[in-house]
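I opened a new notebook page for this protein. My plan is to go from the whole chain down to single residues.

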Amino acid sequence: MTSAYQNMTDAALDAALADLERQADDLRALNLKLDMARGKPSPEQTALSKPMLDLVTSETDLTDGGSSVDNYGDPDGLPSARALAAELLGVDPANVSVIGSSSLNLMYDCVENGYVHGIAGCKPWCQQGTVKFLCPAPGYDRHFTVTESFGIENVPVPMREDGPDMDVVRELVEKDPQVKGIWCVPRYANPTGITYSDDVVRAFAALKPAAPDFRIFWDNAYAVHTFAGEGEPLLNIFDALAEAGADNLVYEFASTAKVTFPSSGMAWVTASPSDMAELRRAFSAMRVSPEKVSQLAHVKFLKDAAGVAEHMRRHAAVVAPRFALVEEKLSAGLGELGVATWTHPKGGYFVSFEGPEGSAKAIVALAKELGVTLTGAGAPWPYGRDPRDTNIRIAPTYPSLEELGQALDVFVVAVKLVSARLAKAERA
Ligand SMILES: Cc1ncc(COP(=O)(O)O)c(C=O)c1O
């Protein structure tokens, strides 16, 4: 597809460039300081969970069934917290460990377990020479950082509208025993916002890995983060595994980071009984027991899946208008120009933007010059290398609606100007 700038006469392109440079100068003069980089809930959203802080006081009964909240014990978390976590993912509480406040931390622990101790009786990865993880890209940069930090080779895999390209995944996982894992965000993915189709989930469950110590890291970070109603359905990966007669293939993670408080939520992992037994052995060397006071507060506040859904409707009332504004501003500013495409998520925290080939770094740099910070170009790719330099992650949740509108206006000018400059450069 050629862009409107590429289709212009030389004179028209020069005039458009001059006009856009003027617009950029005007914006520069405003000395704006706006931020669309952070995938964080806004202050309005975190305020929704403040009442939770009043639910555990010096008067509170600090027991949970037969468990003491105010002492060691329950290494897998409070029974009520495990029940809530299990209900949210549709799994058996017996297979759930609720530990800590960060699911990323749990993912790190699971990678470390494979690396240091080994999985399912196999040699530790650190003794197996080259070890690889598949990284559907664009994806979540911090996943890639975890495996990179162990010296594991991150291998990009194309993302499609219904999930990772499963032909590529199957080929690599089933033929290469060095492939030990894959990073997945199956619902409202970071950053594309897409949800894996049933076919993709079934294809994951049907994998026959060459390595017995291969595991799918199923990070269901946005399991409940829909903008309207029930949202897009996601097939339960453990149901798909049962259907396929498979076992010991998936570690699933989730947290309340973007339900209650990022950094002070509750996080959990679930897997098959034998995988959980192995992980629990590793966890038991790391800590005596998890943060049960926080778990009690979460259960008192959120109660059950219906309570979470109700709470997430309140988040949606804050978040959905921001995503609608992204759609409105990008459509109005860029819709007719043929320079860009972007995703239209129904949940989650991000919009994934694709500009012309070779434009992303320049757009991010120009937006910065004009006072708008964006996520670094290339960040959603392993090693920060976007092979076509097209992808930019837009994180619209944190700024106020007014700031977001201004930031998007700047972004649109930056995209247009970089696209026009590229069209000009092609003719040189
Ligand atoms: C896909 C994904 N997983 C995990 C996290 C971090 O979650 P936690 O705070 O539970 O570690 C994020 C945060 O942005 C995320 O986007």
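Below are my entries, one topic at a time.

**Ground rules.** I am working with a predicted model, where local features need pLDDT of at least 70, side-chain atom pairs count only at pLDDT 80 or more, and totals for chains, interfaces and linings use all residues. Residues are numbered from 1 along each chain as its sequence is written, and side-chain values use heavy atoms, with hydrogens and water left out.

**Overall size.** I looked up the radius of gyration, which is taken over C-alpha atoms. The globule rule is 2.2 Å times the number of residues to the power 0.38. For 428 residues, a compact globule would come out near 22 Å, and the protein has 23 Å, so the two agree. I then noted the box filled by the C-alpha atoms: roughly 75 × 55 × 35 Å along the principal axes.

**Inside and outside.** I sorted residues by relative accessible area: buried is under 20%, exposed is over 50%, and partly exposed is in between (1.4 Å probe, protein chains only). Buried residues make up 54% of the 428. The protein exposes about 17,800 Å², and carbon and sulfur atoms supply 52% of that. These areas come from the Shrake-Rupley method with a 1.4 Å probe; for residues, only the protein chains shown count as cover.

**Contacts.** A contact means heavy atoms within 4.5 Å. Among contacts between residues at least 6 apart in sequence, 77% join residues at least 24 apart.

**Helices and strands.** I found 14 helices and 15 strands. Both are DSSP runs numbered from the N terminus: helices are H or I with at least four residues, strands are E with at least two.

**The eight-stranded sheet.** Which strand order does the open sheet have? I read β4-β11-β10-β9-β8-β5-β6-β7, with mixed pairing. Two strands pair if DSSP finds at least two bridges between them. β4 (96-98) and β7 (163-164) each have a single partner strand, so one side of each is left without a neighbour in the sheet. Strands β5 (132-137) and β6 (153-160) pair in the parallel sense over six bridges. A137 has P158 in β6 as its bridge partner.

**Helices on that sheet.** Helix α5 (103-117) packs on the sheet and touches β5, β8 (179-184), β9 (215-219), β10 (250-255) and β11 (267-270). Its direction makes about 155 degrees with that of β10. Helix α6 (141-149) also packs on the sheet, touching β5, β6, β8 and β9. The direction of α6 makes about 160 degrees with that of β8. For these angles, axes are lines fitted to C-alpha atoms, for helices over the stretch in contact, and values run from 0 to 180 degrees between N-to-C directions.

**Other strand pairs.** β12 (341-342) and β13 (351-354) pair in the antiparallel sense over two bridges. T341 is partnered by E354 in β13. β13 also runs antiparallel to β15 (391-394), joined by four bridges. There, V351 stands opposite I394.

**Helix α4.** Which residues of α4 (79-89) are buried? I listed A81, R82, L84, A85, A86, L88 and L89. Their cover includes β4, β10, β11, α10 (273-286), α11 (292-302) and α12 (305-334). G90 follows α4, and its phi is positive, near 70 degrees.

**Cysteines.** How many disulfides are there? I counted zero, taking a disulfide as a pair of cysteine sulfur atoms within 2.5 Å. For C110, the nearest cysteine sulfur is that of C184, 14 Å away. C110 counts as buried because its relative accessibility is 0%.
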